[in-house]
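Dear colleague,

Please find below the structure that I am handing over to you.

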Amino acid sequence: MDFRAKVEQLVHEFLETRKDLYLVDLKISAGDDITVILDGDEGLSLQDCLDASRAVEFNLDREEHDFSLQVMSPGLSEPLKLPRQFKKNMGREIEVLLNSDEKIQGEVVAVDDEKVTVVLRYRRPKLIGKGKEDVVENKEIPYTEIKKALVVIKF
């Protein structure tokens, strides 16, 4: 079994013991620097990262491969990639860049395996008469149309 496959297997074995956690990304550089990015349905604690790190590190032989290992949660600046991440952020505002380069910002109100639904709130000119009107609409966005999605940070 090659090094990458062994690391993937160890991460997946750990995740089998922790169904509330999931893998967001796994990167292994040419110099065998391993970066495991995990997230959880209820968040990710430092202890969760330590447990995952131990599950991988203690089952790899440093004599066979010299490696470095980082286990972390996705930061606020990291894009949402998986349906579980969108589900975790229900009720929060996200900014979505579509494949067409159109930007949409709205609150996540529904998530399934194919799409995310956001509520858009904006003002537009009235269809009849002068002035503007408030518009609230639900927009379903298939994951295949999303180039990048970020949680909007509010202070």
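The model is predicted: local features need pLDDT of at least 70 and side-chain atom pairs count only at pLDDT 80 or more, while totals for chains, interfaces and linings use all residues. Residues are numbered from 1 along each chain as its sequence is written, and side-chain values use heavy atoms, with hydrogens and water left out.

**Cavities**

A cavity here is a set of points, on a 1 Å grid over the protein atoms alone, where a 1.4 Å probe fits but cannot get out; lining residues have an atom within 4 Å of a point. Grid points are joined across faces, edges and corners, and a volume is the space filled by probe spheres set on the points.

The largest cavity has a volume of about 40 Å³. Its lining consists of Val 24, Asp 25, Lys 27, Ile 37, Pro 74, Glu 78, Pro 79, Lys 81 and Gln 85. Strand β1 (residues 21-28) provides the largest share of that lining, 3 residues; helices (H or I, at least four residues) and strands (E, at least two) are DSSP runs, numbered from the N terminus. By class, this lining has 4 nonpolar, 1 polar and 4 charged residues. In that division, Ala, Val, Leu, Ile, Met, Phe, Trp, Tyr, Cys and Pro count as nonpolar, Asp, Glu, Lys and Arg as charged, and the others, Gly among them, as polar.

The second largest cavity holds about 30 Å³ of space. It is lined by Val 11, Phe 14, Val 36, Leu 38, Ala 52, Val 56 and Val 71, giving 7 nonpolar, no polar and no charged residues. At least two residues of this lining come from each of α1 (3-17), β2 (33-40) and α2 (46-57).

**Largest pocket**

A pocket is an open set of points with protein on both sides within 12 Å along at least five of seven lines. The largest pocket has a volume of about 230 Å³. Of the 15 residues that line it, Asp 39, Pro 74, Gly 75, Leu 76 and Lys 88 lie nearest its centre. The lining divides into 6 nonpolar, 5 polar and 4 charged residues.

**Nonpolar cores**

A nonpolar core is a set of buried (under 20% relative accessible area, 1.4 Å probe, protein chains only) Ala, Val, Leu, Ile, Met, Phe, Trp, Tyr and Cys residues joined through side-chain atoms within 4.5 Å. The largest core has 19 residues, of which Ile 34, Val 36 and Leu 60 touch the most other members. At least two residues of this core come from each of α1, β1, β2, α2 and β3 (68-72), and α1 gives the most, with 6 residues. Another core, of 15 residues, lies apart from it and includes Ile 94, Val 108, Leu 120 and Ala 149.

**Individual residues**

Asp 32 lies in the loop between β1 and β2. Although not a glycine, Asp 32 has a positive phi of about 60 degrees, and this residue is buried, with a relative accessible area of 16%. Asp 101, in the loop between β4 (93-98) and β5 (103-111), is likewise not a glycine and has a positive phi of about 70 degrees.

Yours sincerely

Methods
Buried means under 20% relative accessible area, exposed over 50%, partly exposed in between (1.4 Å probe, protein chains only).
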